[in-house]
Structures are given as C-alpha cells and as structure tokens.
Amino acid sequence: MSAGGAGCPAALLLVGWLLLAGLQASCGSNVTAVQDPGVAHSEASESESESESESESEAAESESDSESEAAEIPNKTIVKEVEFGMCTVTCGVGIREVILTNGCPGGESKCVVRVEECYGPVDCGWGQPISESLESVRLACVHVAPENRFKYMWKLLKPDQQPVILANDSAVLEVQRDVHPMAFECETLDNGETVASIKFTVYTINELQMKRSGRPDTDAVLVFVLTVGVIICIFVIFVLIFIIINWAAVKSFWGAKASTTEIHSEMSSVRYKDSTSLDQSPTEIPGHEDDALSEWNE
C-alpha cells in the first residue's frame with residue numbers, strides 16, 4: 001500500500017507538469033498570433049515611409065533641376081545680351097569692346113560695358129620700324145597698354161644659325177645700321193606663353209639710299225594735288241556762303257540777266273523776220289507786174 005501510495009503522487013506530478021507545459025505552449029502560440037498583426041502593420045508603415053521618402057527625394061530632385069534650369073535661363077539671356085566688338089589687330093594681342101545690347105542707362109540701345117584683350121594669330125610676319133634714319137632704326141614689339149604688362153624677347157636672326165637672344169627686354173629696340181643687313185625678331189610673352197611674334201629687316205645705308213632713290217617721286221605730286229584740291233574746296237565753300245548771305249542781290253542779278261537775254265532773243269527774232277520778209281518781197285513784185293501787163297495787153 002505504501003508503494004502504491006507513493007507512486008500516485010508521482011504520477012499526479014507528472015500529469016500536472018505535462019498540463020502546465022501544454023498551457024505554456026498554447027499561451028505562446030496565442031501571443032505570437034496576437035503579435036503578428038502588429039509586426040505586419042509596422043512593416044507596412046515602414047514600406048509606406050520608405051515610399052514617401054523616395055517620393056520626397058524625387059520631388060526635391062525635380063525642384064532642384066527646375067531651379068538649376070531657371071538659373072541657367074537667365075545666364076543664357078545675359079550671354080545673348082552681350083556683344084563683342086571687332087579686335088583692333090589681325091595678329092598678336094589687341095583690345096576689343098564688350099557691348100551691352102539691353103539694360104543700358106538712359107534708354108540707349110547699346111552701350112560699352114568694358115574693354116578687354118583679344119588675341120589673333122601669333123605670327124605677325126614682317127613689320128615696319130616706327131622710325132628710321134640713315135644711322136639708326138627704332139623697332140617696336142607687338143603690345144598693348146600698359147607696356148610693362150608683357151615680357152619681351154629680342155632675337156638677332158642669322159642664316160643657317162641659331163638666333164642670338166639679346167639682353168634688351170623692353171618693347172622698343174634701337175639698332176645702329178651695319179655694313180650688312182640684319183634681321184631681328186621680337187616675341188611678346190604673357191605668363192611665359194608667346195602671344196605675338198614679329199620680324200624686322202634693318203638695311204644698310206647704301207641699301208636705304210638705293211631704295212629711296214629708286215622709289216618714284218610721287219610725294220611732291222601728291223602734295224601738290226592735295227593742296228590744289230583743298231584750295232578749290234575752300235573757294236567753293238566761300239562762294240556758297242556768299243550766295244546764301246547775298247541771296248536777294250544774286251536773285252535780282254540773275255533776273256536782270258535773264259530779262260536781258262530774253263530782249264536780245266526777241267530782237268534777234270524780229271530781225272530774222274524782217275530779213276525773211278525783205279528776201280521774199282522782190283520775188284513777189286515781178287509776179288504783180290506780169291499780172292498787170294497781161295491785163296493791159298488784153
């Protein structure tokens with residue numbers, strides 16, 4: 001009996017433990033079942049927030065694109081409203097005007113905003129000296145004001161040899177004539193880059209004299225023609241001024257002259273008629289005499 005009584009409580013404990021384990025399992029499944037809708041709702045809210053953030057980012061990108069386009073349009077219109085004038089040189093460095101075609105003060109159609117540098121081809125070929133005499137020649141590099149803005153490199157050119165770089169670094173070079181002709185080159189440098197290059201030929205005294213003597217002497221003729229033309233123009237201007245000032249006298253003078261011409265023309269026409277009548281009268285008289293004789297004979 002004691003053994004059977006001891007086994008019953010143990011069996012009861014085992015059954016109770018199994019029931020408790022089953023209840024815990026069922027409660028856990030219920031809890032998970034209850035929590036699943038919340039998890040799904042949180043996942044749905046997260047997906048909606050992600051979609052909203054993506055749409056907001058796309059809207060922000062579209063707004064930034066539209067703002068950039070709106071910012072580009074005024075820049076384009078500003079570029080269209082600015083024109084550039086002609087460059088003052090065909091080679092090397094020069095200046096040009098920047099002209100505004102809209103928004104000028106005073107309602108003007110165009111106005112100059114500023115003046116800026118412009119560049120052409122580097123090689124300017126062979127140039128002419130700025131001044132020369134029988135003893136010396138003054139040569140100038142290609143430059144714009146201010147003169148010290150650029151650096152200058154003078155070279156003495158020799159045939160079949162490397163050019164000799166001279167110590168002079170100014171824009172103007174004065175050279176004394178030699179017994180042989182010489183060739184020089186000047187390079188204009190801007191920040192170490194050559195922007196213009198020009199060459200010069202310095203002739204000897206004999207060559208210069210031969211060129212001057214062989215040149216046709218047209219200077220005197222040109223000066224004479226220009227002087228005569230200027231004198232004639234001044235005379236015509238003074239005549240026109242005199243006519244304008246004394247218009248009444250000139251008009252009466254021309255009127256009297258015109259009336260005198262008409263009187264002379266009328267007198268000449270009368271004389272012509274008289275002469276024609278005198279020429280015709282002798283021919284008509286014999287005709288009348290013949291008629292009278294014929295009547296008398298009858």
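## Salt bridges and strands

Colleague: Which side chain meets Asp190 in a salt bridge?
Modeller: This is a predicted model, and in it the N to O distance of that salt bridge is 3.0 Å. The pair links distant parts of the chain, 41 residues apart, with Asp190 in strand β10 (residues 182-190) and its partner in the loop between β6 and β7. The side chain that meets Asp190 is that of Arg149.

Colleague: Is Asp190 buried or exposed?
Modeller: The relative accessibility of Asp190 is 12%. Buried means under 20%, so with its 12% Asp190 counts as buried.

Colleague: How far apart are the closest N and O atoms of Arg149 and Glu117?
Modeller: Arg149 forms a salt bridge with Glu117, its closest N and O atoms lying 2.7 Å apart. This pair also links distant parts of the chain: Glu117 is in strand β3 (residues 111-119) and Arg149 in the loop between β6 (136-140) and β7 (151-157), 32 residues apart. The distance you asked for, between the closest N and O atoms, is 2.7 Å.

Colleague: Why does Glu117 count as partly exposed?
Modeller: The class called partly exposed lies between the buried limit of 20% and the exposed limit of 50%. Glu117 counts as partly exposed because its relative accessibility is 23%.

Colleague: Which residues are linked with Arg114 in a network of salt bridges?
Modeller: Opposite charges on side chains can pair when the charged atoms come close. The side chains of Arg114 and Glu116 meet in a salt bridge at 3.7 Å, N to O. Arg114 itself is partly exposed, at a relative accessible area of 44%. Linked with Arg114 in the network are Arg96 and Glu116.

Colleague: Which are the edge strands of the open sheet of five strands?
Modeller: The order of this sheet is β4-β11-β10-β7-β8, and its pairing is mixed. An edge strand pairs on one side only, and that applies to β4 (123-126) and β8 (164-165).

Colleague: Which residue in β8 stands opposite Lys155?
Modeller: Strands of a sheet pair through backbone hydrogen bonds, either parallel or antiparallel. Here β7 and β8 run antiparallel, joined by two bridges. Opposite Lys155 stands Ile165.

Colleague: What is the relative accessible area of Thr204?
Modeller: Thr204 sits in the loop between β11 (193-202) and α2 (205-214). Not counting residues up to four places away in sequence, Thr204 touches Arg177, Asp178, Val179, His180 and Pro181. Thr204 is buried, and its relative accessible area is 7%.

How values were computed
Residues are numbered from 1 along each chain as its sequence is written. This is a predicted model: local features need pLDDT of at least 70, side-chain atom pairs count only at pLDDT 80 or more; totals for chains, interfaces and linings use all residues. Side-chain values use heavy atoms; hydrogens and water are left out. Helices (H or I, at least four residues) and strands (E, at least two) are DSSP runs, numbered from the N terminus. Buried means under 20% relative accessible area, exposed over 50%, partly exposed in between (1.4 Å probe, protein chains only). Contact means heavy atoms within 4.5 Å. A salt bridge is a side-chain nitrogen of Lys or Arg within 4 Å of a carboxyl oxygen of Asp or Glu. Two strands pair if DSSP finds at least two bridges between them.
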